Amino acid sequence: MTDPDGQARVLRPLLYPRQASRISRRNYRCAGRLQILDLAVQELARHFRSYLQDHDLGGVWGRLLRLGNYPLLAPAVRASVQRLAREFLVAEDERSIARVLRRVGAIPASATFDAVGEAVLTAAEAEHYVYRNLRLLDWLAAAGGVPAISVKLSALTARFDPIDPTRSKERALVRLRPLIARASELGAAVTVDMEQHELKSLIVDAFVDLLAEFPQTGWQPGIALQAYAPDTPGIVERVIGAARERDRKLCIRLVKGAYWDTEVALAEQRNWPVPVFLEKGETDAQYEALTARLFDNADVIYPAIASHNLRSLSHAIAAARLRGLGPDRWEVQMLLGMANPLAEAVAASGVKLRMYIPMGDLLAGIAYLIRRLMENTANNSVLRQTYVEAQNVTQLLKPPQPVATPSAPPTTHEFASTPLLDFSRPAVQASFRQALNDVARSFDQAWPLDIAGSASQRLQSQTCINPARPNQVLGSIELGEIAHAEQAIANAVRAFDRWRETPAEQRAEICMRAADLMTERRQRLAALEVFEVAKNWREADADVAEAIDYLRFYAQQMRTLAGRHPTICYPGEPNHLLYEPRGVAVVIAPWNFPVAILTGMTTAALVAGNPAIMKPAGPSTLLALQLLQILRDAGMPRDVCQLIPGNGPQIGAHLVDHKDVAIIAFTGSREVGLSILQRAAVVHPGQREVKRVVCEMGGKNAIVIDRDADLDEAVLHTLLSAFGYQGQKCSAASRVIVVGEAHDRFVSRLAEALDCYSYGPPEDPMNVFGPVITAAAQRRIENYIEIGRSEGRLAYRGKVRGEGFYVAPAIFTDIEPGHRLAREEIFGPVLSVMRARTFDAAIAMALDSDFALTGGVFSRLPEHIELARRRFRVGNLYINRKITGATVGAQPFGGMRMSGTGVQAGGPDYLKQFMWTRVITENTLRHGFVPPPQGLSVKS
Ligand code: NAD
C-alpha cells in the first residue's frame with residue numbers, strides 16, 4: 001500500500017457512513033452482553049492493528065488505529081472500529097436484520113444473507129450453523145418479502161472432504177434437509193455458495209443431487225459459480241442441463257471468485273496446476289462470456305450478476321437489454337458496504353438489485369472483515385481504481401483484455417517437488433482404488449532372500465500382516481542370518497572401488513531413472529503402504545512422493561558436488577578439493593515413513609559412491625523389497641545395492657559392529673540410535689575407517705498456542721499434527737502448551753473435532769485414522785494412557801472398534817512438565833495439554849525437553865512470532881500451520897539434542913555426510929614458467 005491518502009479517501013465514507021447501522025448500546029439490555037461486545041471490539045481493533053501494521057495506513061483510519069495504543073483514546077477507537085466492522089457484517093439479531101432490510105429497501109434493493117462464522121470443525125458447530133440459518137429464515141419471513149440465504153456446504157459437516165465424496169455429501173445433506181424443508185414452506189431462496197477449488201466438484205455434485213432429493217418447488221435453488229476458474233463454463237453447462245432436465249428454474253450467481261490468492265498460493269505450494277486465471281483480464285472476459293451464456297438460457301436460469309466492476313455490470317445491463325430481458329428476469333448482486341454509490345446508481349437505472357449481506361459475530365467474522373478492508377484499500381482493487389484514482393469512464397468501460405500468461409519453460413536441472421495426488425479428482429480416486437485392488441490380488445507371495453554369493457538354504461521367514469486386519473497375510477519374507485550379513489558386506493567391499501570409479505553423473509542418472517520408475521509405480525507402492533503400515537491414502541501417497549523427491553534431490557546435489565572444487569589458488573600452485581565416498585554404508589530405517597526414509601538414506605549413500613546395505617524395519621519389509629526392485633531396475637548393480645531383512649538387535653547390530661563398514665545411516669528411536677552411536681565408536685581388529693554415524697532419532701514435539709491464536713487454525717492443525725497417522729510420526733505433536741484463557745475452549749473444540757473422525761482400515765478413504773503398527777506398540781501406548789490417567793486428567797478418549805491394532809486417541813490435560821507424559825516419546829495418538837501463564841513461559845516449557853525435533857506456534861501477534869523465531873530452537877519450527885509434512889528441499893528435516901545430530905535430511909548439507917574431502921595441490925612451475933590454470937570443473 002503506497003498511497004495512504006488514497007486509502008483514507010476510500011475509507012472515510014466507510015468510517016463515517018451516512019446511514020451507518022449503528023449498534024446502540026441501549027440495545028443491549030444487560031451489562032454482561034455489553035462487556036462481551038466491548039471485549040470483542042477491543043480484540044478486533046487490536047487485530048486490525050496487527051494485521052495492518054505492515055501496511056502504512058494513513059489518513060484518519062491510520063491515525064485512529066495508532067491512537068488506539070493510548071489507553072485514554074481506546075474507547076473512541078473501539079467505537080469507530082465497531083462502526084466500520086458493522087458496515088460489512090450485520091449483527092445477528094432480529095432487530096439488526098430488520099433494520100438492515102429497511103436500509104437496503106430504501107436503495108431500493110432486496111437482500112440475501114450469509115451466516116459468517118468460525119470454521120466448522122465439530123458436529124455441534126455444524127448443528128449451530130443449521131440453527132442460525134433456520135432462525136435467519138424465520139426472521140426474514142417475519143420481516144416480510146421472500147427470504148434469501150446463502151449456505152456453505154462445508155459448514156454443514158466437520159468433514160466435507162472430496163476424497164470421500166459419497167459420505168461427505170451424505171453428511172452435508174442430512175443437515176441441509178431441515179433447512180430446505182423450512183425454505184420450501186417459506187418459498188425462500190437458498191443459494192449454495194462456491195468455495196475452494198478442491199471442493200468444487202463435490203459442491204456441484206451435491207447441488208445437482210439436492211435438486212433430485214428436494215423436488216418440491218416451494219424453495220428457489222441457486223448456486224454460485226466463479227468466473228476466475230477456467231473450468232467454470234463446463235459447470236455452467238451442467239447446471240443449465242440439470243435445470244432443463246428437471247424443468248426447474250435455477251439461479252446462478254455469477255461471481256469473479258473470492259479465493260484467488262489462496263488458490264494461487266496453494267497450487268504453487270503443492271506444485272499443482274493453478275486452477276484460476278492468472279490474469280485479471282481473462283477472468284473479466286470469461287465473466288462477460290458467461291453472463292451472455294446465462295442470459296441466453298434465461299428461460300431456465302435466473303442470472304444473478306454479482307460484481308462491483310463498472311464494466312462487468314454495464315456489459316450485463318447491455319446484454320440483458322439486447323435480449324429484451326426485463327428486470328424480473330435477472331438481477332445484480334452487490335456486497336453490503338462495498339461501492340455504495342454504484343449500488344444506488346444500479347438501482348436507479350431500473351435494474352433489480354440485491355445486496356449480499358454477511359451476518360455474524362464480529363470476532364468470528366474477523367477474517368471476513370479483514371478481507372473486505374483490504375479489498376477496499378488495495379492498490380489493484382476495482383473499488384479503489386473506480387472511486388479514488390478517478391479514471392475516466394471510457395477507461396473504466398474498456399473491454400477486458402484476456403492476455404493469457406505464457407507458462408514458464410520447463411527447467412531440466414532445477415529440483416521441483418513431486419506433486420501429491422489430487423484426491424479431490426474422481427479419476428484419481430478411481431485409479432487409486434484400482435491400485436488397491438491390484439495390490440490386494442498379489443498378496444501371499446513368498447519373497448526369497450537375495451544376497452549374491454550366499455548358499456541357498458532353508459531360512460526362517462517373517463509373515464507380513466495388515467495391522468488393520470492382523471489375520472490378513474500380505475506375504476512372507478526370508479530373513480537373513482549373520483552369515484548373510486557377512487556375505488553382503490563382502491560383496492559391498494568388493495564393489496566399492498568399481499562404484500567409486502563410476503562417474504558421479506552416471507550414478508545420478510541411475511537415481512533419476514529410479515525416480516521415474518517410482519513415479520510410474522507410485523500408486524501401487526502407496527497402495528501397498530495402505531495395507532502394510534496402515535497409512536491412509538493421502539499419507540501413503542505423500543510418503544512415496546517424498547521418496548521420489550529424495551532420489552531427484554540428492555542426484556541433483558551430487559551433480560554439484562562432483563568434480564574438482566578449487567580452493568584458494570596461487571600462481572604456479574593450484575589447489576582443488578574433491579568429495580570422495582567413504583565406503584560401505586549400512587542403512588537402518590524405521591517403518592513409519594517406510595519408503596521415504598529408506599529411500600532418502602540409501603540414495604544419499606549410493607549417489608555419493610558408497611555401496612549400500614539396507615536393513616529395513618520388520619513391519620515394512622515388503623515395501624523395502626519394492627524399493628530394492630526399483631533401484632535394481634533403474635540400473636543399480638546387485639552388489640552395490642543390497643537388502644537384508646532381519647531382526648534389528650541381531651542383524652542390525654552385527655552390521656553396525658562390522659569392521660568393514662564405514663557409514664551407518666540410522667533413523668529410529670533414541671534408544672537404538674544412542675546404542676548405535678556407542679557401538680560405532682568401538683574400533684574392531686582390522687578396522688581401517690573411523691565410522692561415520694548419520695543418526696536421526698525421536699521427538700517430543702510441542703505446539704504453543706498463544707492467547708489470541710486463531711482457534712480455527714490452531715485446532716485443525718493441532719489435530720492433524722498430533723493424530724495424523726495415529727501420532728506415529730517423529731514430527732508429531734505430543735505436547736500442546738496453551739497460553740492463558742484459550743485453554744478450555746481449545747481443548748473442548750479439539751476433542752469435539754477429533755470425535756468427528758472415524759477409525760478403521762485405511763483402504764476406505766472414510767477412515768482418516770487407522771490402527772497403530774503392531775500389537776506391541778498397541779500395548780505400549782495403552783500403558784502410557786494408564787500412566788496419563790494417574791498423572792493428569794483424561795479430557796477425551798475416542799472410540800474404536802475392530803480387530804486391528806487400534807488405540808483410541810486420548811487427550812490429557814493438567815499435565816505438568818515433570819510428568820512422564822510430558823517427557824517421553826509415546827509414538828501414538830496421545831496428546832498432553834499443558835497450561836502456561838505467558839507466551840514466554842510457554843516457549844520455555846516447550847524447550848524443556850531432551851528432544852529438539854519439531855515445534856509449532858499459533859499466534860497472531862507479530863512480536864510473539866518473532867520471539868518464537870529467536871528462541872524456539874528446534875530443527876523445524878512451524879508458525880501457524882501443522883508441524884508435520886516437511887518437504888524435501890523446502891523444509892530440510894531433522895533435529896538436535898536427543899533428536900539427531902543436527903544435519904537435516906533433504907537439505908544442502910546432508911549428502912556431504914556420506915563423503916569425505918580430499919585436497920590436491922600441484923606445483924605447476926616449470927623452470928620459472930607459470931602455465932595458465934587448467935579447467936577446474938572437470939567432473940570425476
Ligand atoms: P526403532 O529404533 O525401534 O527401529 C529402527 C530400526 O533400527 C529398525 O530397522 C530396527 O530393526 C533397527 N534396530 C533395532 N534395534 C537395533 C539394534 N540394536 N541395532 C541396530 N539396529 C536396530 O524405531 P522404529 O520403531 O522403527 O521407528 C520409530 C522411531 O523412529 C521413533 O522414535 C521416531 O521418532 C523415530 N523416527 C525419527 C525420524 C527422524 O527423522 N528423526 C524419522 C522417523 C522416525
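I take buried to mean under 20% relative accessible area, exposed over 50%, and partly exposed in between, with a 1.4 Å probe and protein chains only. By that scale glutamate 237 is partly exposed, with a relative accessible area of 34%.

**Ground rules**

This is a predicted model, where local features need pLDDT of at least 70, side-chain atom pairs count only at pLDDT 80 or more, and totals for chains, interfaces and linings use all residues. I number residues from 1 along each chain as its sequence is written, and side-chain values use heavy atoms, with hydrogens and water left out.

**Salt bridges**

I looked up the salt bridges next. I count a salt bridge when a side-chain nitrogen of Lys or Arg is within 4 Å of a carboxyl oxygen of Asp or Glu. Side chains of opposite charge can pair when their charged atoms come close. The structure holds 51 salt bridges.

I began with glutamate 237, which forms one with arginine 293; their closest N and O atoms are 2.6 Å apart. Glutamate 237 lies in helix α9 (residues 232-246) and arginine 293 in helix α11 (residues 280-296), so the pair ties together parts that are 56 residues apart in sequence. I take helices (H or I, at least four residues) and strands (E, at least two) as DSSP runs, numbered from the N terminus. Arginine 293 is partly exposed, at 33% relative accessibility.

I stayed in helix α11 for another pair. Lysine 280 and aspartate 284 meet there through their side chains in a salt bridge (3.0 Å, N to O). They are four residues apart, which means a separation of about one helical turn. Are the two partners buried or partly exposed? Lysine 280 is partly exposed at 43%, whereas aspartate 284 is buried at 12%.

Then I went to aspartate 516 and arginine 552. Their side chains form a salt bridge, 3.0 Å from N to O. Aspartate 516 sits in helix α19 (residues 504-520) and arginine 552 in helix α21 (residues 537-561), so this pair ties together parts that are 36 residues apart in sequence. Aspartate 516 is partly exposed, with a relative accessible area of 42%. I also noted one network, in which salt bridges that share partners join Glu118, Glu125, Asp712, Arg745 and Arg749.

**The ligand**

Which residues are closest to the ligand? I found Ala589, Lys615, Ser669, Met697 and Glu825, out of 27 residues that surround the ligand.

The side chain of lysine 615 has an N or O atom 2.6 Å from an oxygen atom of the ligand. For the side chain of serine 669, the distance to a ligand oxygen atom is 2.6 Å. Methionine 697 uses a backbone N or O atom, 2.6 Å from a nitrogen atom of the ligand. On its own the ligand has 840 Å² of accessible area, and the protein covers 87% of that. Accessible areas come from the Shrake-Rupley method with a 1.4 Å probe; for residues, only the protein chains shown count as cover.

**Cysteines**

How many disulfides does the structure hold? I found zero, taking a disulfide as a pair of cysteine sulfur atoms within 2.5 Å. Cysteine 569 is partly exposed at 35%, and cysteine 756 is partly exposed at 24%.

Most residues other than glycine have a negative phi, and most peptide bonds are trans. I looked for departures. A cis peptide bond joins isoleucine 107 and proline 108, with omega about 10 degrees. Proline 108 is in the loop between α5 (94-105) and β1 (110-115).

Aspartate 814 has a positive phi, near 60 degrees. I placed aspartate 814 in the loop between β24 (810-813) and α29 (820-823), and it is partly exposed at 39%. Phenylalanine 827 also has a positive phi near 60 degrees. Its loop runs between α29 and β25 (830-836), and phenylalanine 827 is buried at 18%.

**A contact across the sequence**

Glutamate 763 is buried at 19%. Valine 530 is 233 residues away from glutamate 763 in sequence, yet the two are 6.1 Å apart in space, C-alpha to C-alpha.

How values were computed
Near = heavy atom within 4 Å. Polar contact = N/O pair within 3.5 Å; in protein donor to acceptor, adjacent residues only side chain to side chain.
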